[in-house]
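Thanks for coming, everyone. Please bring up the sequence and the structure, and follow along as I go.

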Amino acid sequence: PRPLDDELRALAGDVPVAASLDELLAATSPDVTIICTPIHTHTDLALTAARAGSAVLLEKPPTPTLAEFDRLVEGIESTGAACQIGFQSLGSAAIGRVRSLVEGGAIGTVRGIGGACAWVRDASYYGRASWAGRRSVDGVPVVDGALTNPFAHAVATALALAGATGAGSLESIEVELYRANPIEADDTSCLRIRTADGLVVTIAATLAAEHPRDPALVVHGSTGRITLSYKTGEVRLQAGAVDETTTHDAADLLEDLLAHLRDRTRPLLVPPSATRSFMEVVEAVRCAPDPAEVPAAHRRAEGEGTTAHQVVPGIDALVDRAAEELRLFSELGAPWATAPAVRRPGAAPSPVGH
């Protein structure tokens with residue numbers, strides 16, 4: 001937090017500013033409180049708003065631990081307040097389009113879902129806040145890794161496509177975490193989920209890409225494939241002689257929350273319950289061994305100062321192969337990869353400071 005100096009007072013104008021959320025809620029009595037603060041502050045702020053009678057739009061990831069998520073859900077339910085989780089991609093009609101194609105047999109029998117995610121994040125990204133790129137701060141879990149924050153939408157959207165979002169929908173989660181940049185958390189990672197229905201979901205991600213591009217999810221079928229670019233809402237169907245692309249709009253999650261407040265019979269697009277399995281993934285990442293450093297021989301530095309970042313040669317192709325073959329980096333022969341950590345949802349959590 002920055003002190004309220006003259007510059008900030010001038011910027012704020014007549015907008016109320018307070019040192020705590022309690023003060024702000026008392027002064028404004030808002031219908032909706034939007035929370036987009038550090039991950040490890042989400043639970044307490046959301047519950048403070050809900051107890052004050054405000055609905056909540058909460059940025060993703062909802063919480064840094066599964067225990068915190070359970071506390072959030074229990075607290076929200078006890079107040080009767082509405083809570084929407086800010087996974088914007090889950091408000092897209094593209095998800096319904098993909099599921100409709102799958103259910104209609106457009107690509108035959110589905111054998112799995114793969115995600116390929118390749119971006120670059122530099123020193124300014126990791127230096128923007130004290131919690132950025134951290135697994136914990138002063139013993140409090142943050143879990144700000146590639147899979148749980150920058151590419152959280154990829155994980156959550158893949159789970160939605162798989163129809164595996166609620167409690168009990170995941171059988172196992174394998175995680176491999178690596179770091180090329182001088183950070184605590186992972187910036188190059190992959191995971192493989194097996195759902196309770198036997199479907200395999202593999203997401204491969206890096207923030208040390210050679211050529212950054214929009215992430216994509218691919219539903220692999222016995223007779224074709226469907227590619228979803230969740231940031232643009234594009235759905236491409238390739239099956240036999242068919243090769244067609246459609247683009248679908250996404251509902252604004254704040255507008256959806258307001259519509260729900262006007263008509264409580266209208267369900268929210270992304271209530272906390274729709275993110276339960278995503279939080280199982282966050283827990284698997286949190287409880288996995290600390291990320292292994294990509295050796296210097298397998299990475300190179302680019303940029304200077306705030307633009308300085310690491311690039312892992314060959315990572316773009318590796319990410320694509322993982323999404324295509326539904327295999328982990330270690331299984332694809334990456335020379336810096338190690339065996340995955342495996343977690344079965346429902347296992348006892350690790351200590352909070354892990």
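Predicted model: local features only at pLDDT ≥ 70, side-chain atom pairs only at ≥ 80, totals over all residues.

What does L199 touch, once residues up to four places away in sequence are set aside? V110, R111, G112, I113, A162, I193 and R194. Take I113 from that list. L199 and I113 sit 86 residues apart along the chain, yet their C-alpha atoms are separated by 8.0 Å.

Next, Q310. You'll find Q310 in strand β16, residues 309-311. Q310 has 12% relative accessibility, so this glutamine is buried too. Which side chain does the Q310 side chain meet in a polar contact? That of R299, at 3.4 Å. Beyond four places in sequence, Q310 is in contact with A180, N181, A208, R299, R300 and A301.

Now the helices. Start with α7, residues 152-161. How many of the ten residues of α7 are buried? Ten of ten. That run goes from A152, H153, A154, V155 and A156 through T157, A158, L159, A160 and L161. Just after α7 comes G163, with a positive phi of about 70°.

Compare that with α5, residues 93-103. Here the buried residues are A94, I95, V98 and L101. Viewed down the axis of α5, those buried residues fall within an arc of 130°, so they line one face of the helix. And what does that buried set pack against? Helix α7, plus strands β10 (208-221), β11 (225-229) and β12 (234-239). Look at the start of α5 as well. A side-chain oxygen of S92 reaches to within 3.0 Å of the backbone nitrogen of A94. Just after α5, G105 takes a positive phi of about 80°.

Helix α3, residues 42-51, comes next. Its buried residues are H42, T43, A46, L47, A49 and A50. Down the axis of α3, they fall within an arc of 160°, so they too line one face of their helix. They pack against α2, β1, β2 (55-58) and α4 (66-79). Just after α3, G53 has a positive phi of about 90°.

How much space lies in the largest pocket? About 700 Å³. Its lining has 18 residues, and the closest to the pocket centre are P1, A18, A19, S20 and T37. Two elements, α2 (21-28) and β1 (32-35), each supply at least two lining residues. The largest share comes from β1, with three. By class, the pocket lining has 13 nonpolar, four polar and one charged residues.

What about cavities? A search of the whole structure finds one of 30 Å³ or more. The largest cavity has a volume of about 30 Å³. Which residues line this cavity? G166, A167, G168, S169, L170, R276, S277, E280 and P345. Helix α9, residues 276-287, gives the most to that lining, with three residues. By class, the cavity lining has three nonpolar, four polar and two charged residues.

The peptide bond from K60 to P61 is cis, with omega near -15°. P61 is in the loop between β2 and α4.

Then two residues other than glycine with a positive phi. S29 has phi near 45°. S29 lies in the loop between α2 and β1. Is S29 buried or exposed? Exposed, because its relative accessible area is 57% and the cut-off for exposed is over 50%. L326 has phi near 60°. Its place is the loop between α10 (315-325) and β17 (341-343). L326 is at 8% relative accessibility, so this leucine counts as buried.

That's my tour. Over to you.

Notes: Residues numbered from 1 in each chain as written. Heavy atoms only, no water. Helix = DSSP H or I, 4+ residues; strand = E, 2+ residues; numbered from the N terminus. Buried < 20%, exposed > 50% of the residue type's maximum accessible area, 1.4 Å probe, protein only. Polar contact = N/O pair within 3.5 Å; in protein donor to acceptor, adjacent residues only side chain to side chain. Contact = heavy atoms within 4.5 Å. 1 Å grid on protein atoms, 1.4 Å probe; cavity = no way out; pocket = protein on both sides within 12 Å on 5 of 7 lines; lining within 4 Å. Points joined across faces, edges and corners; volume = space filled by probe spheres on them. Nonpolar A, V, L, I, M, F, W, Y, C, P; charged D, E, K, R; others polar. Arc of directions from axis to C-beta.
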